[in-house]
Amino acid sequence: MDLKTENSSNGFTAEISLEKLHKMAAELILPGKFILRLLNAALVLVTNLLARVLGSSLVRGHFHLMLSGLVLFGPVLTLWVSKYSIFANSNHYLYRKFLKSTWGWTCTFTGSFILLLSISARHSPSLSLRHLSRIGVVGLLWWGCQRLLTLLEDAAGTCYEPMTPAQDIQGAASSAQPLLLLHEDQTKASCLRANMLWRGYEASQDVLILCLCCLLLVEELSVFGPYLAQTKPQQRSPGGPLRFLFLLCVLLLAVWMFLLLCLLAHFPKFPSQQLGGALGYLGWRGLYQGWYRLKPSWSCPCLPGEGLFTTTDIDKQTQ
């Protein structure tokens, strides 16, 4: 009898401990659910506001003008910025990790957003690939611009080696301007690697890709507002991953704008930066305002949002 009583008491104690564990787990889960709901509500509020701003006719119709004004008059900020600022260091973390891989970051985040948006709006693999092809076309354009600008810089520039006093046997080193020894058949990359001086005409590739990525992000993100307007009557809110990707793309746009402002203010190079900005603008103009507006076919990617929304939404977006 004592053994049976002891076994029953042990079983009863185990049941009580399990009940206590369940109650403790429920008490811990409730605050976690509350925090998740609060974060989700904040995400919905922020993304709805940003989608309304980026989808407005004011931003879509005048963002390129604001960007052009920034590129033209940004170097004037050199008069007010401090040369001791952390952003005046060309080896800053932002320049090393983001500026050198601007297209990689833009392609990854924007491509993921386009893919998830097209799948959420229309479950059509062919339509998703057509929208993703816009990113591929811009990537090919950037690759071609890099190769072409490198060739033009090598053809239009020359490499010089400053002469040291030991090399200057005629004593010309003591004059106001040191002599320069010309090195022919040198490319810009090999000349700079040899710590020599390169003089020539160039277009800033950093400003080019930053301007192109900013214009691309505004075009691609502007369709999130019509998508929200389409899902609202259906009582079907976009999922958290799509909203989070949209927020990341907006943050990336802010980072590119900040880096562009830092380059223009701390490292002004006139007129190479303005020429790079003009080339980025022409690339956007030729694609999003020209080629992509043609009738969709196998040889022409469609505009952002085309085929994903109803006719009413597309008309509102165009306006």
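Is Arg60 buried, partly exposed or exposed? I looked this up at the outset, and Arg60 counts as partly exposed, with 23% relative accessibility; the scale I used calls a residue buried under 20% relative accessible area, exposed over 50%, and partly exposed in between, with a 1.4 Å probe and protein chains only.

Notes on the model. I am working from a predicted model, in which local features need pLDDT of at least 70 and side-chain atom pairs count only at pLDDT 80 or more, while totals for chains, interfaces and linings use all residues. Residues are numbered from 1 along each chain as its sequence is written, and side-chain values use heavy atoms, with hydrogens and water left out.

Entry on salt bridges. I searched the whole structure for salt bridges (a side-chain nitrogen of Lys or Arg within 4 Å of a carboxyl oxygen of Asp or Glu) and found four. One of them pairs Arg60 with Glu219, where the closest N and O atoms are 3.4 Å apart. Because Glu219 lies in helix α7 (residues 205–221) and Arg60 in helix α2 (residues 57–73), this pair ties together parts that are 159 residues apart in sequence; I took helices (H or I, at least four residues) and strands (E, at least two) as DSSP runs, numbered from the N terminus. Glu219 counts as buried, at 7% relative accessibility.

Entry on Lys188. I next followed Lys188, whose side chain meets that of Glu153 in a salt bridge of 3.6 Å, N to O. Lys188 sits in helix α6 (residues 188–193) and Glu153 in helix α5 (residues 125–156), so that distant parts of the chain, 35 residues apart, are linked by the pair. Both Lys188 and Glu153 are buried, and for Lys188 I noted a relative accessible area of 19%.

Lys188 also forms a salt bridge with Glu202, with 2.2 Å between the closest N and O atoms. Since Glu202 is in the loop between β3 (197–199) and α7, and Lys188 is in helix α6, the pair ties together parts 14 residues apart in sequence. Glu202 is partly exposed, with a relative accessible area of 29%. I recorded Glu153, Lys188 and Glu202 as one network, joined by salt bridges that share partners.

I then looked up a nonpolar surface patch of about 820 Å², made by Leu72, Phe73, Val76, Leu77, Leu79, Trp80, Val81 and Leu261. Patches are made of residues with over 30% relative accessible area and no salt bridge, like charges being joined within 9 Å and nonpolar side chains (Val, Leu, Ile, Met, Phe, Trp, Tyr) within 5 Å; accessible areas come from the Shrake-Rupley method with a 1.4 Å probe, and for residues only the protein chains shown count as cover. Phe73 lies in helix α2 and counts as exposed, at 59% relative accessibility.
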